[in-house]
Amino acid sequence: MKILLSLLLALVSCAVCADEAPHAYWNSAIAAFEAADRANPPPQGAVLFIGSSSIEHWKSVAADFPEAKVINRGFGGSEIGDSTYFADRIVAPYHPRAIVMYAGDNDIYAGHTPQRVRDDFAAFVRKVRSFDPGVPVAFVAIKPSVARRALLPQISQANALVREYAAKQQGVSYIDVYTPMLGKDGQPQQQWFGPDGLHMNRSGYELWIGLLKPWVDAHGQR
């Protein structure tokens, strides 16, 4: 009996480790958020911006949306599933009034299919609504970056699938930043990006602000 119990515990432990392994890289970043929350508790009922480097690098996001209380919980390089995995630590405690997610860029780069991007976003919505039923969620379309021009077909398909999913859900929105960032030739434009062609410059963020402001104002009024 003791041997069987030990084997069972070992199997459970292995399953937990296997689940955590893809996300373990971010433990220090999540712990830093928690430490910051203890030192300076964030407001309840804020609009939570979450996702990858486009959110992490958006240092002026609170000033850019002055009509709303804003929390930034972006961690660069992350995928949609990372935000879902850590949602009990960087979503649930805030009880956000609304959530803006930008992710999926790194997912496609890592080889995930457009269908998986859509399914992972749907899983994120389910997870956050297990804490706060009906919380509005906006998916910011995966941007057409110069550095990832070769991935444009997959990015476009992933965006289309998320848009289709969002249209069938209550309180889930798709914010199209993809189309406005393309040039007349349908190609990515360097004007929105820094030297690496991947991370946005201020012009890129100003474009996003204009596209996101109606949604943030509607859902995040103080």
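Predicted model: local features only at pLDDT ≥ 70, side-chain atom pairs only at ≥ 80, totals over all residues.
Asp 176 sits in the loop between strand E5 (172–175) and helix H10 (178–181), while Arg 163 belongs to helix H9 (residues 152–167), so the contact ties together parts that are 13 residues apart in sequence. Asp 176 is partly exposed, at a relative accessible area of 22%, and Arg 163 also counts as partly exposed, at 42% relative accessibility.

A search of the whole structure gives 11 salt bridges. One of them joins the side chains of Arg 73 and Asp 37, at 2.6 Å from N to O. This pair links distant parts of the chain, with Arg 73 in strand E2 (residues 70–74) and Asp 37 in helix H2 (residues 27–39), 36 residues apart. Arg 73 has a relative accessible area of 10%, and is therefore buried under the 20% limit. Asp 37 is buried as well, with a relative accessible area of 14%.

A further salt bridge lies within a helix. Arg 202 pairs with Glu 206, and their closest N and O atoms are 3.6 Å apart. Both residues are in helix H11 (residues 202–219), and because they are four residues apart there, about one helical turn separates them. Arg 202 is partly exposed, its relative accessible area being 39%, and Glu 206 is partly exposed at 47% relative accessibility. The pair is part of one network, in which salt bridges that share partners join Arg 202 and Glu 206 with Asp 64.

Key. Residues numbered from 1 in each chain as written. Heavy atoms only, no water. Salt bridge = Lys/Arg side-chain N within 4 Å of Asp/Glu carboxyl O. Helix = DSSP H or I, 4+ residues; strand = E, 2+ residues; numbered from the N terminus. Buried < 20%, exposed > 50% of the residue type's maximum accessible area, 1.4 Å probe, protein only.
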